[in-house]
Amino acid sequence: MIRALNDAGVDFSIPKSALTDFLGNAEFTPYPALSAALLKLLNGRMLQRPVFLDVIVFNYEHSPGNPSPRRLEDVDVAVLEAAVLEGFNNRYATEHADFSSLLKPRTEPQPPLQTLLLVVEGTASIHDGITFVDTDNPQVEVTTKLIKVHTESPDAMVAQELLRRDNGWRFTNGDVRLSVANGEADAESTPRPVRAGSLSDSAYAWPAAPGTFSGDAGSEVKLLSRIRVGYRPVDVKLLVEAPKNGFAANTAEQARIALDPEVLLVPVEVARFFSDSIPVSEISMLGQMALWDQVPVISPTTNFRSLDGNGQLKFAERAWDHWPTLNPEGLYTHLGWVSPDSIWGKARIRFRLVNYIDIKTDNQHTAPVTGQGDDDKPLRENNDTLSSHPQHISDKKVLKVIFMNRIQHQESVHIGRALIGSRCIGISAGTSDRFATIAHEIGHLITDSQAHSTEPDNVLNDPGPGIRITEAQIAKARAWAQNFADFWQH
């Protein structure tokens, strides 16, 4: 049904998984009846430009009398035509007066949509319409054009307006997001990503530069977003919302994006060990998402949508709590920590957070002190605790990263430690001496040795560490990362 509708010029802006559920539920949703009626109505013809099915359904159900058909014979054709017409005009800011003006024969070539620029960070190559990237967390830039949209209260055309100041932005008379489909959210019956697909069905998008942009002037504005991708291509498109019709005001160029098969993806499991008196509050799930996957952190307190009394969207306002950025050396950082991707990405290796666990323990295993045995003993015991934890991923190999307030006693100079042979590193969260410590400890696992490099700026230098890796280290890193390939379902 989805393919048949697409051939007729009917697409969708909701997650594909949700649409599939709706189309399979004729008892409780109108989607099956209205989809069948659409194909019958078009009868070998197609729309000149695509209209979202979910918007058509919304318009139909909000027509006078609030109809919601469950059978084909219950569909009012006149109401359906009006729903399509309204969806077309709102999406493309046109003023077609009748349904027939939207149609063309199926054999006639479809005119191109308004195509605005889409740029994907880390693009390595493009084959068969798929953009292959060398990072699993690419930033996507999309340029779109703001327009005037219709409001019900008052009954008028109003301009979309987008304002960004510092780390916050407001979209008046609409909203915007990046739709991501066919990734892990659409994967069938799997407890973890299929080929490391997308994180979710959508991602926030924000203006690339401060300023005010208005539909009154037809402003073109560059929007940024960051998504998670894997070896399975995901479909990405920008959706802009109108006040009354959901995400259907206008769109920009679509793209299919996948991780380059030559890039090796390492699954990461993070555990925070804390006690009642030592909370290790520097570490959180959202912070680790920002560190390992450069995902911007926007909390509920900085994410607000204002609706009027009729449920019509007035504006959406958001701000970053944490937005990972490049430092002067070109490294992604979060709260002073350097993303390991920034170092080992030069070996075409990327790290992906796949699990996060908070583990409450005692002070001895949160901030060891002298007299408690060997330096590594608390960390090794924490590794044993993590390995037996019910939330630990035990059926596949993962890189375990343990955060404690201190990994060794208070007199130790070490703020990181690799447990050779255990696929585990420990990091002291309660320190300001961070640099590329995480990448440094991963380097010890890669080389299967506690030995250090004498090269001044090498990631395995001590003291240091630096940010460079050698060709020999690249070869060892790629051989090590291959050990995790089985995690991803091919």
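How many aromatic pairs does the structure hold? The structure holds ten aromatic pairs, where rings of Phe, Tyr and Trp (its six-membered ring) pair if their centres lie within 6.5 Å. The model is predicted, and local features need pLDDT of at least 70, side-chain atom pairs count only at pLDDT 80 or more, and totals for chains, interfaces and linings use all residues. Residues are numbered from 1 along each chain as its sequence is written, and side-chain values use heavy atoms, with hydrogens and water left out.

**Figure 1. The whole protein chain.** The secondary structure comes to ten helices and 30 strands; helices (H or I, at least four residues) and strands (E, at least two) are DSSP runs, numbered from the N terminus. Of the 490 residues, 54% count as buried. Buried means under 20% relative accessible area, exposed means over 50%, and partly exposed lies in between (1.4 Å probe, protein chains only). Among contacts with a separation of 6 or more, 69% are between residues 24 or more positions apart, where contact means heavy atoms within 4.5 Å.

**Figure 2. The aromatic pair of Trp-169 and Trp-206.** The ring centres of Trp-169 and Trp-206 are 6.0 Å apart and the planes stand at 45°, so the pair is tilted. Planes under 30 degrees apart count as stacked, over 60 as edge-to-face and the rest as tilted. Trp-169 belongs to strand β12 (residues 168-172) and Trp-206 to strand β15 (residues 206-207), so the pair ties together parts that are 37 residues apart in sequence. Both Trp-169 and Trp-206 are buried. Ring pairs also bring in Trp-320, giving a cluster of Trp-169, Trp-206 and Trp-320.

**Figure 3. The aromatic pair of Phe-304 and Phe-315.** This pair is tilted, at 6.0 Å centre to centre and 50° between the planes. Phe-304 is partly exposed, with a relative accessible area of 46%, whereas Phe-315 counts as buried at 15% relative accessibility.

**Figure 4. The crossing of helices α4 and α5.** The axes of α4 (residues 53-61) and α5 (residues 77-92) come within 8 Å and cross at roughly 125°. Axes are lines fitted to C-alpha atoms, for helices over the stretch in contact, and angles run from 0 to 180 degrees between N-to-C directions. That angle makes α4 oblique to α5; angles under 35 degrees count as roughly parallel, over 145 as roughly antiparallel, 65 to 115 as roughly perpendicular and the rest as oblique. On the α4 side the contact is made by Val-55, Ile-56, Asn-59 and Tyr-60, and on the α5 side by Val-79, Leu-80, Ala-83, Val-84, Glu-86 and Gly-87.

**Figure 5. Helix α9 and the residue after it.** Eleven of the eleven residues of α9 (residues 437-447) are buried, so this helix is largely enclosed by the rest of the structure. Among the buried residues are His-440, Glu-441 and His-444. Asp-448 follows α9 and has a positive phi, near 55°.

**Figure 6. Thr-212 and its surroundings.** Thr-212 lies in strand β16 (residues 211-214) and is exposed, with a relative accessible area of 53%. Leaving aside neighbours within four places in sequence, Thr-212 is in contact with Glu-161, Leu-162 and Leu-163. The C-alpha atoms of Thr-212 and Phe-171 are separated by 9.9 Å, and these residues are 41 residues apart along the chain.
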